[in-house]
Amino acid sequence: MQLYNTLSAKERAALIEEAGKERLTISFYKYAHIGNTSLFRDHLFITWDQMDVLGRIYVATEGINAQLSVPAENFNAFKEHLDSITFLENVRLNIAIEQDNMSFLKLKVKVRNKIVADGLNDDSFDVTNRGVHVNAEKFNELIEDPNTVLVDMRNHYESEIGHFKNAVTPDVDTFRDSLDIIENDLKDHKEDKKLVMYCTGGIRCEKASAYYKHKGFKNVYQLDGGIIEYTRQVNDKNLENKFIGKNFVFDHRRGERITNDVIANCHQCGEPCDEHVNCANEACHLLFIQCKKCAAEMDNCCSTECKDIHALPFEEQKELRRGKTVSNKIFKKGRSEVLKYKK
């Protein structure tokens, strides 16, 4: 029974390119009680591997969080499989605004303690007592209300390249960090203000809205389906688009352009830019914003030190990494003293 990838990302990319067939990038989530997470994980991997599904899927006792890519010709079969799972029947699928056949190159279905790392003790509050879900049209009305406080529930590197007009964008590294900051900043307005939240696809707001209601906020709302669904509704219904810039996404694309506004800057030279990259030095892999000019000058690296290491033969680079802590546990996304123009 195969429960792992047999192809490298490079090999998979070559096959996708050779096939020349359209793939759809999709995300969805669902909070539900899952008894045997390992069994459910194996079932998903076996079934989806046969459909050539690729992506990153987290399964926990509280539900599922999925970002994936599926061949367009297999979409109906994929949807039928989801509908055959009781709690996933008719689950909303957020289809990417900008498609890219290479958005995912491996299938990873992992069992986690939670489908979003929120650091919360769910036993201390009713996670089902969530805020009011609103569509794009109602959301636009709410955020024009002077009694509304609009809050971005994403991290700093996400809101840096795109956000809703007049939104509060906490300078945080994790979802958990933002919860206490927002509560403290709005502690005097739990009853007289409308707390309206948004995130990429809705999953973070789902838990946050219940948490804030537990903390005493009386009027809590969340954008149903997040920025992805909002953009679809704005386009379909010809509504005013109040989002500016790009929507950060967690796949190889790293962002979907929603408007032509570039609201961020290259972290190395300060010129307008909103293209996220990872440092080419595998021992670093820092996520940061880099313009094409700096990419050429720095050999796609974040610093001269990394540039020098990246220029070494592969085996020497590998030897330098030996025994070192995994890089993503050392570096935070977009946080480094070498980034001169990081806001």
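Is Val220 buried or exposed, and at what relative accessibility? In this predicted model, for which local features need pLDDT of at least 70, side-chain atom pairs count only at pLDDT 80 or more, and totals for chains, interfaces and linings use all residues, Val220 counts as buried because its relative accessibility is 5%, where buried means under 20% relative accessible area, exposed over 50% and partly exposed in between, with a 1.4 Å probe and protein chains only. Residues are numbered from 1 along each chain as its sequence is written, and side-chain values use heavy atoms, with hydrogens and water left out.

The protein chain contains eleven helices and 14 strands, these being DSSP runs numbered from the N terminus, with H or I over at least four residues for helices and E over at least two for strands. For 343 residues a compact globule would have a radius of gyration near 20 Å, and the value of 21 Å for the protein chain agrees with this; the radius is taken over C-alpha atoms, and the globule rule is 2.2 Å times the number of residues to the power 0.38. The C-alpha trace spans about 60 × 50 × 40 Å along its principal axes. Of the 343 residues in the protein chain, 49% are buried. Among contacts with a separation of 6 or more, 69% join residues 24 or more positions apart, a contact being defined by heavy atoms within 4.5 Å.

The protein chain exposes about 17,300 Å², of which carbon and sulfur atoms supply 47%; accessible areas come from the Shrake-Rupley method with a 1.4 Å probe, and for residues only the protein chains shown count as cover. There are 49 positive and 54 negative side chains, and the centres of the two sets lie 2 Å apart. In this count Lys and Arg are positive and Asp and Glu negative, while His and the chain ends are not counted, and each charge is placed at NZ of Lys, CZ of Arg, CG of Asp or CD of Glu.

A search of the whole structure finds zero disulfides, a disulfide being a pair of cysteine sulfur atoms within 2.5 Å. Cys266 is accordingly in no disulfide, and the nearest cysteine sulfur, that of Cys294, is 3.8 Å away. The sulfur of Cys294 has its closest cysteine sulfur in Cys291, at 3.6 Å, which is too far for a bond. Cys266 counts as buried at 0% relative accessibility, and Cys294 is buried with a relative accessible area of 6%.

Val220 lies in strand β10, residues 220-223, and, leaving aside neighbours within four places in sequence, is in contact with Gly131, Val132, Leu195, Met197, Ser209 and Lys213. Val220 and Lys237 are 17 residues apart in sequence, with 25 Å between their C-alpha atoms. Gly225, in the loop between β10 and α8 (226-237), counts as buried at 1% relative accessibility. Not counting residues up to four places away in sequence, Gly225 touches Arg92, Asn94, Thr200, Gly201 and Gly202.

In strand β3, which covers residues 63-71, lies Val70, a buried residue with a relative accessible area of 0%. The residues that Val70 touches, with those up to four places away in sequence not counted, are Arg23, Leu24, Ile26, Val53, Phe75 and Phe78. Gln317, placed in helix α11 (residues 314-321), counts as buried at 9% relative accessibility.
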